[in-house]
Amino acid sequence: MSFRKLSLGLAAATMLAGTAVPAFAQDSIYVPLFTYRTGAFAGSGTYIADGMHDYLEMLNQRDGGIGGVKLVLEECETGYDTKKGVECYESVKGKNPVLVNPWSTGITLPLIPRASVDKIPILSMAYGLSASARGDIFPWVFNPPSTYWDGLSMIIRYIGEKEGGLEKLKGKKIGFIHLDAAFGKEPIPLLQELAKDIGFEVALYPVAAQDMQNQSSQWLSARRDRPDYMIMWGWGSMNGAAVKEAVRSGYPMDKFYSVWWPSEDDARAGGAGAKGFKMLNWHAVGTNFPALQDIQKHVVDKGLSKSPKDKVGDLLYNRGVYNSLLIAEAIATAQKITGKKAVTGEDVRRGLENIKLDPARLKELGLEGFTEQLVLSCSDHNGHRPAFMQEWDGAKWVKISDPIEPMTDRVKAQLDAAAKDYAEKNAGWPKRTEPCDKAS
């Protein structure tokens with residue numbers, strides 16, 4: 001699917017009628033959490049939801065909130081359904097949320113045109129519309145620490161290095177098994193462009209949401225096509241089923257790569273044969289960090305978490321923690337910039353644009369070594385940070401590479417063109433109205 005078609009589809013998105021809801025007290029900060037603990041994607045979404053909630057609740061319990069202001073946390077169940085997600089948005093926007101986390105590319109896309117109108121920033125952490133990294137064109141949308149286009153380029157770069165250089169991919173065939181939805185299609189334009197530039201062939205294997213656990217036809221096609229490498233863009237039960245089918249079909253697991261969404265449970269689905277399966281990641285797993293230990297002490301041990309104790313520190317739980325780290329840091333930065341305690345969505349947008357999570361700040365937050373530095377700005381709402389490759393050793397994820405830099409030279413031009421195309425095709429797209437803050 002071309003970005004042009006995607007842009008035109010988004011332009012046709014219409015606003016749903018919302019009912020005004022009284023705002024929360026002025027001495028609190030309202031943070032809605034869009035989650036999905038039910039449905040086909042609950043196996044992944046539940047862990048994310050737990051990590052998101054527990055980090056913010058830890059700040060409430062340990063510190064009294066952020067800057068002395070309590071956080072009001074409220075989940076809205078989307079079931080990973082776009083219509084329900086938009087309904088969640090309409091139900092919370094009158095309560096003065098400081099931001100929203102759609103946790104679905106499909107939900108993110110129709111919310112993008114609403115953000116500047118409602119003055120509610122969207123945090124689509126490492127998912128959503130890659131082009132929204134351009135803060136000058138999308139001032140209300142943030143997708144750190146890497147776009148899906150960055151992620152794809154990192155996987156291609158890593159595979160190229162294993163072959164002895166990107167030029168060695170010429171004549172190779174790369175399979176792309178993906179959820180047949182906005183999320184799974186997002187990196188395809190870049191994949192096809194890289195294939196054209198480098199000279200490899202692409203074989204696409206779309207998986208419909210209703211067929212996520214029955215991928216026999218896709219893997220039968222893969223056996224016929226014999227791709228040299230397979231890249232997966234999956235979520236929910238699709239990931240575990242894909243690993244299982246890959247093992248069953250005899251596909252070499254050391255040639256099977258994924259973007260950053262498979263969990264430990266997904267890898268375990270393939271049994272002993274899943275050893276060697278690889279995926280990108282940008283943060284640590286485990287609880288060997290003061291902040292994670294504080295979550296256990298102040299939230300989990302007090303019965304304030306929905307998470308089983310043995311899942312705290314798992315990959316997707318920690319992904320939720322990372323997401324809420326960004327929320328908390330945006331709020332704290334907004335308080336510092338404005339001098340206000342009970343900040344608004346407009347304030348938090350400025351906070352997001354001035355995030356500076358350097359090693360010193362991460363240490364101060366009890367997360368030293370948890371992730372790499374992230375700096376956002378007015379023009380860069382993503383950071384385009386490197387990720388590392390990790391491998392399933394049969395029992396756990398093991399980091400196997402140094403940070404892999406995105407192929408910035410190849411990605412940037414495509415991303416810039418896509419962002420400008422979006423603005424041009426969405427008639428009346430609002431331009432940025434406020435200057436960028438000079439200081440980070």
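## Charges over rings

The charged end of Arg 349 is placed over the ring of Trp 140, 5.3 Å from the ring's centre. Lys 399 likewise lies over the face of Phe 388, at 4.7 Å from the ring centre. A charge sits over a ring if NZ of Lys or CZ of Arg is within 6 Å of the ring centre and within 35 degrees of the ring normal.

## Basis of the report

This is a predicted model, in which local features need pLDDT of at least 70 and side-chain atom pairs count only at pLDDT 80 or more, while totals for chains, interfaces and linings use all residues. Residues are numbered from 1 along each chain as its sequence is written, and side-chain values use heavy atoms, with hydrogens and water left out.

## Aromatic pairs

Rings of Phe, Tyr and Trp (its six-membered ring) pair if their centres lie within 6.5 Å; planes under 30 degrees apart count as stacked, over 60 as edge-to-face and the rest as tilted. By this rule there are 24 aromatic pairs. Tyr 36 and Tyr 80 form an edge-to-face pair, with 5.1 Å from centre to centre and 70° between the planes. Both Tyr 36 and Tyr 80 are buried (under 20% relative accessible area, with a 1.4 Å probe and protein chains only).

Trp 103 and Trp 261 also form an edge-to-face pair, at 5.7 Å centre to centre and 75° between the planes. This pair links distant parts of the chain, as Trp 103 and Trp 261 are 158 residues apart. Both Trp 103 and Trp 261 are buried.

## A cluster of rings

Ring pairs join Tyr 36, Phe 41, Tyr 80, Trp 103, Tyr 127, Trp 235 and Trp 261 into a cluster.

Technical notes:
Buried < 20%, exposed > 50% of the residue type's maximum accessible area, 1.4 Å probe, protein only. Helix = DSSP H or I, 4+ residues; strand = E, 2+ residues; numbered from the N terminus.
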